[in-house]
Amino acid sequence: MRSFRTTCVALLLIGAVAAPAAAAKRAAYDQAVGEVLAAHFIKDRCSGLATVGGSDYQSYVLTATELTAVQGLRRQKMRKFLFYGRSDWLKGQVRKVLDDRNVEISNKKSLCAFGRGVAGTEDAIGRFLVKE
């Protein structure tokens with residue numbers, strides 16, 4: 001039978017291995033949420049662009065989460081974030097994703113040019129956008 005100390009050390013080691021994996025998975029969800037919402041944000045501000053799955057947000061989220069499931073992200077978890085996530089957190093994810101791509105949110109011309117350039121491609125954001 002294991003001693004209490006051995007059990008504690010084993011649990012600490014398991015936690016040390018599991019924590020980075022959990023953080024990486026959370027980062028993948030954060031990134032995917034940002035990409036899905038960035039496409040919706042661009043569509044709302046730019047003419048000539050639409051989102052996959054239709055014009056209403058619910059249909060879009062259902063279709064977009066099918067696409068993110070290919071990456072190994074759970075549909076229901078993504079839908080929970082996209083439907084019930086705190087608005088400040090959701091806005092932050094959009095800002096981060098677009099900032100990482102050097103797209104200025106406040107510059108509509110730049111934003112729309114970016115959206116039109118990636119729409120319908122295999123780009124992380126463009127896969128959620130279609131040209132009308």
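# Notebook: a predicted chain of five helices and two strands

**Entry 1. Layout.** I read the order of elements from the N terminus of the protein chain as α-β-α-α-α-α-β. The count comes to five helices and two strands. I took helices (H or I, at least four residues) and strands (E, at least two) as DSSP runs, numbered from the N terminus.

**Entry 2. Conventions.** The model is predicted, and I noted that local features need pLDDT of at least 70, that side-chain atom pairs count only at pLDDT 80 or more, and that totals for chains, interfaces and linings use all residues. Residues are numbered from 1 along each chain as its sequence is written, and side-chain values use heavy atoms, with hydrogens and water left out.

**Entry 3. Confidence.** I looked up pLDDT, the predictor's confidence in each residue, from 0 to 100. The protein chain averages 88, and 84% of the residues score at least 70. Where is confidence lowest, and where highest? It is lowest in helix 1, at a mean of 76, and highest in helix 5 (residues 108-118), at 97.

**Entry 4. Surface and burial.** I found an accessible surface of about 8,000 Å² for the protein chain, 57% of which belongs to carbon and sulfur atoms. Accessible areas come from the Shrake-Rupley method with a 1.4 Å probe, and for residues only the protein chains shown count as cover. Of the 132 residues, 37% count as buried. Buried means under 20% relative accessible area, exposed means over 50%, and partly exposed lies in between (1.4 Å probe, protein chains only).

**Entry 5. Contacts.** I counted a contact where heavy atoms lie within 4.5 Å. Among contacts in the protein chain with a separation of 6 or more, 62% come from residues 24 or more positions apart.

Entry 6. I turned to E35, which lies in helix 1 (residues 4-45). E35 is buried, at a relative accessible area of 8%. Which residues touch E35, leaving aside its neighbours within four places in sequence? I listed V97, A124, I125, R127 and F128. T65 belongs to helix 2 (residues 57-69) and is buried at 0% relative accessibility. With neighbours within four places in sequence again set aside, T65 is in contact with R75, M78, R79 and L82.

**Entry 7. Salt bridges.** How many salt bridges does the structure hold? I recorded eight. The term stands for a side-chain nitrogen of Lys or Arg within 4 Å of a carboxyl oxygen of Asp or Glu. I examined D30 and R26, whose closest N and O atoms are 3.0 Å apart. These two residues are separated by about one helical turn, because they stand four residues apart in helix 1. D30 is buried at 19% relative accessible area, whereas R26 is partly exposed at 38%.

R75 and E66 form another salt bridge, at 2.8 Å from N to O. R75 is partly exposed at 39% relative accessibility, and E66 is partly exposed at 37%. Salt bridges with shared partners join E66, R75 and R79 into one network. I also noted the bridge of D88 with R86, with the closest N and O atoms 3.4 Å apart; R86 counts as exposed at 55% relative accessibility.

**Entry 8. Aromatic rings.** I found four aromatic pairs. Rings of Phe, Tyr and Trp (its six-membered ring) pair if their centres lie within 6.5 Å; planes under 30 degrees apart count as stacked, over 60 as edge-to-face and the rest as tilted. Why is the pair of Y57 and F83 edge-to-face? The ring centres of Y57 and F83 lie 6.0 Å apart and the planes stand at 85°, so the pair is edge-to-face. Y57 lies in helix 2 and F83 in helix 3, so the pair ties together parts that are 26 residues apart in sequence. Y57 is partly exposed at 26% relative accessible area, and F83 is partly exposed at 32%.

I then took F81 and W89: their ring centres are 5.4 Å apart and their planes at 50°, so the pair is tilted. F81 is buried at 13% relative accessibility, as W89 is at 15%. Y29, F81 and W89 make up one aromatic cluster.

**Entry 9. A nonpolar patch.** I returned to F83, placed in helix 3 (residues 75-84). L62, F83 and Y84 form a nonpolar patch on the surface, together having about 330 Å² of accessible area. Patches are made of residues with over 30% relative accessible area and no salt bridge; like charges are joined within 9 Å, and nonpolar side chains (Val, Leu, Ile, Met, Phe, Trp, Tyr) within 5 Å.
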